[in-house]
Amino acid sequence: MNKRLAGKRAVVTGAGRGIGRKVAQMYAAQGARVLACDIDAAALGGLDGIETLAADLTTEAGAAVLAQAAAALGAVDILVNAAAIVRFAPIPEMSFADWRTTTAGEIDTVFLVTRALWALLETSGAASIVNFSSANAHMALPGLPAIAHTAGKGAVLAMTRQMAMEGGPKCIRANSIAPGFTVTEETEQHLDTPLMENVRAKLMVGRLGTTEDIGHLAIYLGSDESGYVTGADFNIDGGATAW
Ligand SMILES: NC(=O)c1ccc[n+]([C@@H]2O[C@H](COP(=O)([O-])OP(=O)(O)OC[C@H]3O[C@@H](n4cnc5c(N)ncnc54)[C@H](O)[C@@H]3O)[C@@H](O)[C@H]2O)c1
């Protein structure tokens, strides 16, 4: 079978673990040349056949280092902005520091990396940006104190449309994926908490989402199969946000 991302040069942020890591691995398996970036250098270990780079993408300097490494690819055909940092707390208990950490981790990373790689995406001539919004950008979930997270993910949802608008004339598409609860090393800590009753009650498909579920959609959005798709947001949540 033909590899769906053959010849594509991809940058994946947040590739140390969770969704970003799985996307980097699935992209490489589909023939893409992948540059994987994460703040956690150790977490980038074991990504066979994938170039790796440690950088703090909440900083302009970190994004510049990533752009420098990506320049060696000649152009960037796919940018997957999966890096994120999130803090949860009820509104009266949410510290301003945690608010700032979350908005920097969820918004600044996406802006700084996209800006830094924009020229390389333009050089592609057929580029695709894949961002991560969230079910939380569309709906509140009882039991999840997500005030900063909703701000971050609502921002990514809106920013993606703007990227699509400004990217159109440059042959850069931009779409976002809105996962519902997806099992990762990070979210596993919630599995035995009361929150999960609310999560499971909303599922039409009788199981939780996996990083592989998300990876399949990320392959479609990164590939030329989605060449007419831009400015869109894709719910991938077992039906949770459909009612
Ligand atoms: N897992 C879910 O249930 C879920 C649901 C909705 C949306 N999402 C979104 O999907 C994306 C991936 O989620 P995940 O669950 O895999 O996240 P995760 O927390 O498991 O992984 C995020 C990765 O980003 C890296 N990172 C954090 N700060 C960074 C920085 N400053 N610079 C570079 N790298 C940094 C982390 O080290 C980590 O490896 C995120 O945008 C998240 O908000 C996830």
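Analyst: We will take the sheet, then the helices on it, then the ligand. This is a predicted model, in which local features need pLDDT of at least 70 and side-chain atom pairs count only at pLDDT 80 or more, while totals for chains, interfaces and linings use all residues. Residues are numbered from 1 along each chain as its sequence is written.

User: In what order do the seven strands of the open sheet stand?

Analyst: Strands of a sheet pair through backbone hydrogen bonds, either parallel or antiparallel. Here the order is E3-E2-E1-E4-E5-E6-E7, with parallel pairing; strands are DSSP runs of E of at least two residues, helices runs of H or I of at least four, both numbered from the N terminus, and two strands pair if DSSP finds at least two bridges between them. E3 (51–54) and E7 (233–236) are the edge strands, each with a single partner, so one side of each has no neighbour in the sheet.

User: Which strands does helix H3 touch?

Analyst: Contact means that C-beta atoms, placed from the backbone, lie within 7 Å. Helix H3 (residues 96–124) packs on the sheet against E1, E4, E5 and E6, and its direction makes about 175° with that of E4; axes are lines fitted to C-alpha atoms, for helices over the stretch in contact, and angles run from 0 to 180 degrees between N-to-C directions. Helix H4 (residues 147–167) touches E5, E6 and E7, at about 165° to E6.

User: How many residues surround the ligand?

Analyst: A residue counts if its C-beta atom, placed from the backbone, lies within 6 Å. There are 29, the closest being Gly14, Gly16, Gly18, Ile19 and Ala84. Helix H1 gives the largest share, three residues.

Conventions:
Two residues are in contact if their C-beta atoms, placed from the backbone, lie within 7 Å.
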